[in-house]
Amino acid sequence: MNQQVAAEVFEDECIIANLDSGLYYSVQGIAAGLIQALPCADPDAAIATICASLGEQRATAIAELSSIWQELINEQLVVDRVSSNAALGTATAAKEYKRSELNRYADMQDLLLLDPIHDVDEDGWELRE
């Protein structure tokens, strides 16, 4: 993930906020598994693993996930390379096919840019990295 991105996965949906642009995104379907596999050194291998047990829908799922991966790069939500010391995520096979989509939203852009989301400690002070 891009360092300026916050993401949370909720079952079959992932919400991603780009703190630089104020845009947020939802990733639905089996593509949420792709987000959970980040960071990954080989996105094609992660996509193949996620789609491995989907039978007749495997080719459709691979095309959808490959397209979404490219959109994630184009929107600068993920970087196409992993640093050598990053702990890699693990892709797991989807149990069933669920159509994947990446949706982009700008309706809260002004609010997200005005009050960026940040991690805080137990006392409420912003954590500095």
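Trainee: Among contacts between residues at least 6 apart in sequence, what share joins residues at least 24 apart?
Mentor: The share is 60% in this chain. Keep in mind that the model is predicted.

Trainee: Why is L114 called exposed?
Mentor: Exposed means over 50% relative accessible area. L114 has 69% relative accessibility, so L114 counts as exposed. L114 lies in helix 4, residues 109-114.

Trainee: What makes the nonpolar surface patch of about 330 Å²?
Mentor: M108, L111 and L114 make that patch.

Trainee: How much of the chain is buried?
Mentor: Of the 129 residues, 31% are buried. Buried means under 20% relative accessible area.

Trainee: Which members of the largest nonpolar core touch the most other members?
Mentor: They are I16, I30, W69 and L72, out of 28 residues. Several elements supply at least two residues each, including strand 2 (13-18) and helix 2 (43-51). Helix 3 gives the most, with 5 residues.

Trainee: Which residues of helix 2 are buried?
Mentor: P43, A46, I47, I50 and C51 are buried.

Trainee: How do you know that they line one face of helix 2?
Mentor: Look down the axis of helix 2: the buried residues fall within an arc of 125°, so they line one face. An α-helix has 3.6 residues a turn, so residues three or four places apart point the same way.

Trainee: What do the buried residues of helix 2 pack against?
Mentor: They pack against helix 1 and helix 3.

Notes: Residues are numbered from 1 along each chain as its sequence is written. This is a predicted model: local features need pLDDT of at least 70, side-chain atom pairs count only at pLDDT 80 or more; totals for chains, interfaces and linings use all residues. Side-chain values use heavy atoms; hydrogens and water are left out. Patches are made of residues with over 30% relative accessible area and no salt bridge: like charges are joined within 9 Å, nonpolar side chains (Val, Leu, Ile, Met, Phe, Trp, Tyr) within 5 Å. Accessible areas come from the Shrake-Rupley method with a 1.4 Å probe; for residues, only the protein chains shown count as cover. A salt bridge is a side-chain nitrogen of Lys or Arg within 4 Å of a carboxyl oxygen of Asp or Glu. Helices (H or I, at least four residues) and strands (E, at least two) are DSSP runs, numbered from the N terminus. Buried means under 20% relative accessible area, exposed over 50%, partly exposed in between (1.4 Å probe, protein chains only). A nonpolar core is a set of buried Ala, Val, Leu, Ile, Met, Phe, Trp, Tyr and Cys residues joined through side-chain atoms within 4.5 Å. The arc is that of the directions from the helix axis to the C-beta atoms. Contact means heavy atoms within 4.5 Å.
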